[in-house]
Amino acid sequence: TGPQNVNIFIGDTKQVPDVAGVEDRDLLGDKAWPLRLAFFPLDDDITVADYEMDLITHDNGVVSDALIEYPDFTVSQKLTAIEKLPEPECP
């Protein structure tokens, strides 16, 4: 719906949690951070977020866990598989 204001809280570094279905833990990196995000309309002075998210974000950018809370429902997402892609061949 366009630009939004976002408040983000970054928690303390955590050990990388075990992720079911991920055998190569190197694909998750060494560290992970819990994030809490709240999204607000850009043009309003509303104090209640449109929606909020909790994420576990790894140092390589992989998100292994996400919880998105909308006013009427909640969506939970878990990483179930990840694979390393082959290096591209450069001429």
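I began with Asp 59, which counts as partly exposed because its relative accessibility is 39%. My classes: buried is under 20% relative accessible area, exposed over 50%, partly exposed in between, with a 1.4 Å probe and protein chains only.

The model is predicted, so I read local features only at pLDDT of at least 70 and side-chain atom pairs at pLDDT 80 or more, while totals for chains, interfaces and linings use all residues. Numbering runs from 1 along each chain, and side-chain values use heavy atoms, without hydrogens and water.

I placed Asp 59 in the loop between strand E4 (51-58) and strand E5 (63-69). Patch members have over 30% relative accessible area and no salt bridge; like charges are joined within 9 Å, nonpolar side chains within 5 Å. A salt bridge is a Lys or Arg side-chain nitrogen within 4 Å of an Asp or Glu carboxyl oxygen.

**Nonpolar patch.** I found Val 6, Ile 8 and Ile 10 together on the surface, with about 270 Å² of accessible area. Val 6 sits in strand E1 (residues 4-10). Val 6 is partly exposed because its relative accessible area is 34%.

**Rings.** I counted three aromatic pairs, taking ring centres within 6.5 Å as paired, with planes under 30 degrees apart as stacked, over 60 as edge-to-face and the rest as tilted. Phe 39 and Tyr 51 are stacked, at 4.4 Å centre to centre and 15 degrees between the planes. This pair links distant parts of the chain: Phe 39 is in strand E3 (residues 31-41) and Tyr 51 in strand E4, 12 residues apart. Phe 39 counts as buried because its relative accessibility is 11%. Ring pairs join Phe 39, Tyr 51, Tyr 70 and Phe 73 into a cluster.

Note on methods: Helices (H or I, at least four residues) and strands (E, at least two) are DSSP runs, numbered from the N terminus. Rings of Phe, Tyr and Trp (its six-membered ring) pair if their centres lie within 6.5 Å; planes under 30 degrees apart count as stacked, over 60 as edge-to-face and the rest as tilted. Accessible areas come from the Shrake-Rupley method with a 1.4 Å probe; for residues, only the protein chains shown count as cover.
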